[in-house]
Amino acid sequence: MRIHYQAWWAATVAALAIAAPTAKADVKTADVASGPIVVAADAPPAEKRAAEELRDAFAQVAGKRPEIVATPPAAGSPAVLVGKASGLKTDGLGPEDFTIRVADGRIAVAGGSPRGTLYGVYSLLEDEFGVRFLTAACTSIPAVDPSRTIADGERTFRPRFSWRYSYYRANMDHPELAARLRNNAVVGDPALGGKSSWELISHTVSNWIPVARLGKSHPELFSLVDGKRRANMTEDHFGEGGTQPCFTNPEVKRRIIEGVLAELEKKNQTDGVVSISQNDNQQYCRCADCAAIDDREGSHMGSLLALLNEAGEAVAKVRPGVCVGTLAYQHTRKPPKTMKPGPNVAIQLCSIEACQVHPLDDPSCERNREFCSDLDGWCKISDKVYVWNYNVDFASYNLPCPNLEIIGANVKYLARNGVRGVFMQASGDGRNTELCDLRNDLISRMLWDPSQDDRRVIDEFVDRYYGAAAGDVKAYLRLIVETPRAKGVHRHCFGTAADYGFDESTGREALALLEAGMKKAESPTVRDRVEKLTIGPRTILLEKPFARWIRGHQREIGDGLLKEAPPEAYRGCEEQIRELFRLYDRHGVDRFSERISAATLKATLPASVVEPIKEE
């Protein structure tokens, strides 16, 4: 299995290069950017959208808005031919694969249905015209060099990952950005290519075995821990520590399998995945039947996988195109010794314990060595392995997270090791969180094409987005990623500033760098972009009064702690807190952490601390 994927990956990377030209490279970018753009009158919505994207970009590239036509111009005239009008064969191309051919003074782009042609056009704009879709409000389009030409040739591209999900709110709020960055897990609009039929596998068993409804009448359906059934909970996941179903109980199996089949029937689902996955806690069942399987397999996935394989067989009989998916998460992360997932059972391995400072495949990081071992084990017994990777500090969304330089390395590692698709969890339930613009660009571009140089992707975004302030922003980024590394820090996705090795001196140095960048900014727009970054170091400097809120994120403590911070915690910090909330308001920051909104945090502080806040 591993050799198969490595060979496939090498072939895909090799296919990126345009074939050697067979004639003089005489397709001028200036000529094709002047149009026309040819798209069939009866083309599907995504192909028409592709033509419109070309037209709008070319209007800025060449300073002239080209026409979109249904009939190609006379032979010898430059044009871009899109989709059905291209004459290219698309047989054998997957839903996102595409071919670009440069010949006879023209460019032809066509791909598989429904997203291939649209994604091909985005790649053409990026690769040959230097266009970068940075944010929903900022597309960087350089002027065309009149002397530049594109070599004759043909290339076909097939994305390495079939499912790609950068979990930032900008992608949900602006589906056109998600499409441009080729996040195929978000967009439903057919004009933007629709989305993959694959879905995020998440916690679902409480849909069929809810403790609030069944706990009192059927305690035997729930996990046995310390000799007692955990059936008196009010909530499945976290309330009173949560509970799990007893997965070997025949009634649990019946209810889950029948529930899944009914759900598939109701949705008329014929492909993709249906999730059967544990609740979000580690209160797994220790009854004799569950323990016997788990002990034999050396993993608490054993008892769950037995149910999954049975469900997979039932689903295959009525919906053969649908997979049954589950999380390999916390206590179920380790692959079993002898059992294997059925042919239609998918595994989504979660890296929640992994280090945010070092790459997943860094052999010096003990936390990550264990994850790599688990990934290797799952890929040996399944060809349907997906990964849920964490790229956020859940405890403080606006605290600098030191993982920027490991994102590319992690995606490359997953690409080399048989993973089919990746969910990169970030702060998707919040807006305008720490480095969200840069991170979304980096994650999306690396998922689309892991062969890219991630350092170059970072530098290019910073140069284009922050302009004259780019040097100071890059120095700030280096400080954030190098500080914990130099201090020997290993830390997962929950932490305070101190947990990541940041102290007051770090915060002051970081703020000084960004304030210097603000002074160099060539426009109010660029200055605002840099100002938004200052929320990060200001959060470091507010470690003392905010530490209790960050620690309060932990589920076993709960939100009650928010109201317990003593007044002396804020003393001397009032002005800094007011400035932080001013920046929150100015830049649309709506969350402090996964569990605490900006409004909730503000409401728990004394009025004397947060007021007056001047609106700008």
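Arg-254 and Glu-251 form a salt bridge in which the closest N and O atoms are 2.5 Å apart. In this predicted model, both residues belong to helix H8, which covers residues 250-267, and they are 3 residues apart, or about one turn of the helix.

## Salt bridges between separate elements

Across the whole structure, a search finds 46 salt bridges. Another of them joins Glu-96 to Arg-115, with 2.8 Å between the closest N and O atoms. This pair links distant parts of the chain, since Glu-96 sits in the loop between strand S4 (79-82) and strand S5 (98-103), while Arg-115 sits in the loop between strand S6 (106-111) and helix H4 (116-129), 19 residues apart. Glu-96 is buried, with a relative accessible area of 4%, and Arg-115 is buried too, at 5%.

A further salt bridge connects Arg-586 with Glu-531, whose closest N and O atoms are 2.9 Å apart. Because Arg-586 lies in helix H20 (residues 574-587) and Glu-531 in helix H17 (residues 524-533), this pair ties together parts of the chain that are 55 residues apart in sequence. The two partners fall into separate accessibility classes, with Arg-586 partly exposed at a relative accessible area of 35% and Glu-531 buried at 6%. Through salt bridges that share partners, Arg-586 and Glu-531 belong to one network together with Arg-527, Asp-528, Glu-579 and Arg-582.

## Nonpolar cores

The largest nonpolar core of the model contains 90 residues, and those with the most contacts inside it are Ile-256, Ile-276, Leu-375, Leu-414 and Leu-477. For Leu-477, once residues up to four places away in sequence are left out, the residues touched are Leu-404, Leu-435, Leu-438, Ile-458 and Val-462. Apart from this core lies another, made up of 62 residues, which include Ile-37, Tyr-165, Val-187 and Cys-350.

## An enclosed strand

Tyr-165, named above as a member of the 62-residue core, is also part of strand S11. This strand, residues 163-167, is largely enclosed by the rest of the structure, because 5 of its 5 residues are buried. Both of its faces are covered, with Trp-163, Tyr-165 and Tyr-167 buried on one side and Arg-164 and Ser-166 buried on the other. In a regular strand, side chains alternate between the two faces of the sheet.

Strand S11 is joined by 5 bridges to strand S18, residues 421-425, and the two run parallel. Within this pairing, Tyr-167 stands opposite Gln-425 of S18.

Asn-410 is located in helix H12, which spans residues 407-416, and at 5% relative accessibility it counts as buried. Leaving aside neighbours within four places in sequence, Asn-410 is in contact with Pro-359, Leu-360 and Asn-389. Asn-410 is also 36 residues from Met-446 in sequence, and the distance between their C-alpha atoms is 9.6 Å.

A disulfide is a covalent bond between the sulfur atoms of two cysteines, and a search of the whole structure finds 0 of them. Cys-355 is in no disulfide, and the nearest cysteine sulfur, which belongs to Cys-365, is 4.1 Å away; a disulfide would require the two sulfur atoms to be within 2.5 Å. Cys-355 is buried, with a relative accessible area of 5%.

Cys-401 is likewise buried, with a relative accessible area of 3%. The closest cysteine sulfur to that of Cys-401 is in Cys-493, and because the two are 8.5 Å apart, they are too far for a bond.

## Confidence in the model

The protein chain has an average pLDDT of 92, and 92% of the residues score at least 70.

Conventions. Residues numbered from 1 in each chain as written. Predicted model: local features only at pLDDT ≥ 70, side-chain atom pairs only at ≥ 80, totals over all residues. Heavy atoms only, no water. pLDDT = per-residue confidence, 0-100. Salt bridge = Lys/Arg side-chain N within 4 Å of Asp/Glu carboxyl O. Helix = DSSP H or I, 4+ residues; strand = E, 2+ residues; numbered from the N terminus. Buried < 20%, exposed > 50% of the residue type's maximum accessible area, 1.4 Å probe, protein only. Core = buried A, V, L, I, M, F, W, Y, C linked by side-chain atoms within 4.5 Å. Contact = heavy atoms within 4.5 Å. Pairing = 2+ DSSP bridges.
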